[in-house]
Amino acid sequence: MADTILIIDFGSQVTQLIARRLREAGVYTEILPCTTDPENIKNAAPNGIILSGGPNSVAMADTPRAPQIVFDMQIPVLGICYGQQTMCQQLGGRVEPGTSREFGRAELDVTEECALFDGLWAQGTAHTVWMSHGDHVAALPDGFRVVGKSDGAPFAAVADESRHYYGVQFHPEVVHTKDGDKLLSRFALDICGCSGSWSMAAYRARAIDAIRKQVGDAKVICGLSGGVDSSVTAVLIHEAIGDQLTCVFVDHGLLRKGEAEEVVRLFGGHYNIPLIHRDVSEMFLERLSGVSDPEQKRKIIGGSFIEVFDEEAQKIDGARFLAQGTLYPDVIESISAAGGSDVTIKSHHNVGGLPDDMKLDLVEPLRELFKDEVRNLGRELGLPEVLVSRHPFPGPGLAIRIPGDITPEKLAILREADAVYLDEIRKAGLYDDIWQAFAVLLPVKTVGVMGDARSYEYVCALRAVTSSDGMTAESYGFSHEFLARTATRIINAVKGVNRVVYDVTSKPPGTIEWE
Ligand SMILES: Nc1ncnc2c1ncn2[C@@H]1O[C@H](COP(=O)(O)OP(=O)(O)OP(=O)(O)O)[C@@H](O)[C@H]1O
Ligand SMILES: O=c1[nH]c(=O)c2[nH+]cn([C@@H]3O[C@H](COP(=O)(O)O)[C@@H](O)[C@H]3O)c2[nH]1
Ligand SMILES: NC(=O)CC[C@H](N)C(=O)O
Ligand SMILES: [Mg+2]
């Protein structure tokens, strides 16, 4: 069994980032909700435990606490934000509510040396950290001492080295906390004694094991879009269960130009996995006709996808499972997690857009990973680089790139404009510098002058972003010359567009897609 750090989740938006930082440090992690049965904590046999942040207030009655077993196991514990607060209170300290709020950047003064900071942050130095709290620890339990403070948190870092207990009010897991990753790695490797030898190869082995256990000798169908996530999912599952797997590629009429042929060629050519190609474009377009609300579009698409998968499953005797390339960002944006803090931003078709009465059970081996980790897993599995480094393309396709209602005419215009845009990006050698690029067709017509005549046509917006995991993103800084050239080519080549604009919004406050 690998070294394990257990994360007890109190519902923070960034709990998964703790897991991710530990994976980067070569440490295997498991996340359990704070309401878990204490037996599960014992059975995980962790080397150490991290208590996450959360939206509740320790100062209120009936808010979650760490199961007592956490403190009975005599292993190192690190409490982060809510985790620090509840740890201090449960061990005999006190938390004060709502007097000194800190959100965003703060300065941590290291007031004393401690094992957690060893070799990293010296006494008397100050460091930029990221805070997000209203409550703070106001009295320490026996055995603890303060080792760092900030303006809003007199007990911003605390330690009881004899028991190997540590607490921080700031969030070491977010990139805005400088060297926060090193702090977490120090906790896992030096304080908990993990070896740091866990890797994507180990993830692959564990995932394959879990897939075999879950599906037994049943048959599985896998929704394959030709994108990175579903390709990695399919190859991983194929490695686990071989010919029990059939892939289904759904052509919903919302794909990009030439995409269906490309998927069949890219995937069909490389792998020995049966691939069913279903053309259901008429059904999708009919159901979407006249619908302009983004969430309604997403629900219709999610439901229709499942209908097609159900039909295909029935044709394959005994197919009980549906595999999807769902990633963690799809999950966090779509549903409210155990702690109840996550708000719904948009219903990703494969999570929040799923119907309630699903017949197939889900197999989602990538559900805890971020995009760049999936790419590394794909490389580990030997997928070709052209597949692994493809830009993401959303399941609902062009439907969420045409604000307002969708018509065959608008789809045709968008397909052409998008193809020209991507061709220009490839020609300029920029494809791999950009995380995702696409065109959007706005439901707005403007006046232009073309060949001395008046035109009255749609506006096309171009979007390109850089990102590492899609959770945050920045608009890509094209040269003006590139944008002007591309705009000219789109207007010349695509009938129905007479104006092109570039979207410079980052995420947040925008999202990557327009709906
Ligand atoms: N056209 C499609 N046919 C079948 N399944 C699909 C289709 N589009 C999406 N899916 C399913 O929905 C999942 C989520 O879609 P998503 O776009 O996030 O992933 P992807 O297409 O595999 O990868 P990428 O993010 O690189 O586009 C996919 O992994 C796949 O299982
Ligand atoms: O498969 C998907 N089904 C969806 O419903 C969906 N919505 C957004 N996306 C993709 O997710 C990433 C983040 O997008 P947003 O910033 O727009 O939420 C970007 O890469 C988006 O393209 C989706 N992918
Ligand atoms: N991010 C957190 O864990 C916040 C903890 C608690 N809700 C507070 O405001 O102090
Ligand atoms: Mg996709």
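In this predicted model, Cys222 has contacts beyond its sequence neighbours within four places: Ser230, Thr233, Ala234, Ile237, Leu245, Cys247 and Ala323. Cys222 also belongs to the largest nonpolar core, which holds 82 residues. Within that core, Cys222 is among the residues with the most contacts, together with Val220, Ile237, Ala417, Tyr421, Ile490 and Val497. At least three of its residues come from domain 2 (200-388), and at least three from domain 3 (407-502). A second core is separate and has 60 residues. Ile5, Leu78, Phe117 and Ala156 are included in it.

The protein chain is divided into three parts: domain 1 spans 4-191, domain 2 spans 200-388 and domain 3 spans 407-502. A distance of 35 Å separates the C-alpha centres of domain 1 and domain 2.

Two ligand surroundings were examined. Around ligand 3 lie Ser12, Gly53, Gly54, Pro55, Asn56, Ser57, Cys81, Tyr82, Ser132, His133, Gly134 and Asp135. By class, this shell has 8 polar residues, 3 nonpolar residues and 1 charged residue.

Conventions
Residues numbered from 1 in each chain as written. Chains lettered and ligands numbered in written order. Predicted model: local features only at pLDDT ≥ 70, side-chain atom pairs only at ≥ 80, totals over all residues. Core = buried A, V, L, I, M, F, W, Y, C linked by C-beta atoms within 7 Å. Buried ≥ 20, exposed ≤ 12 C-beta atoms within 10 Å, placed from the backbone. Domains from an automatic or database assignment. Contact = placed C-beta atoms within 7 Å. Near = placed C-beta within 6 Å. Nonpolar A, V, L, I, M, F, W, Y, C, P; charged D, E, K, R; others polar.
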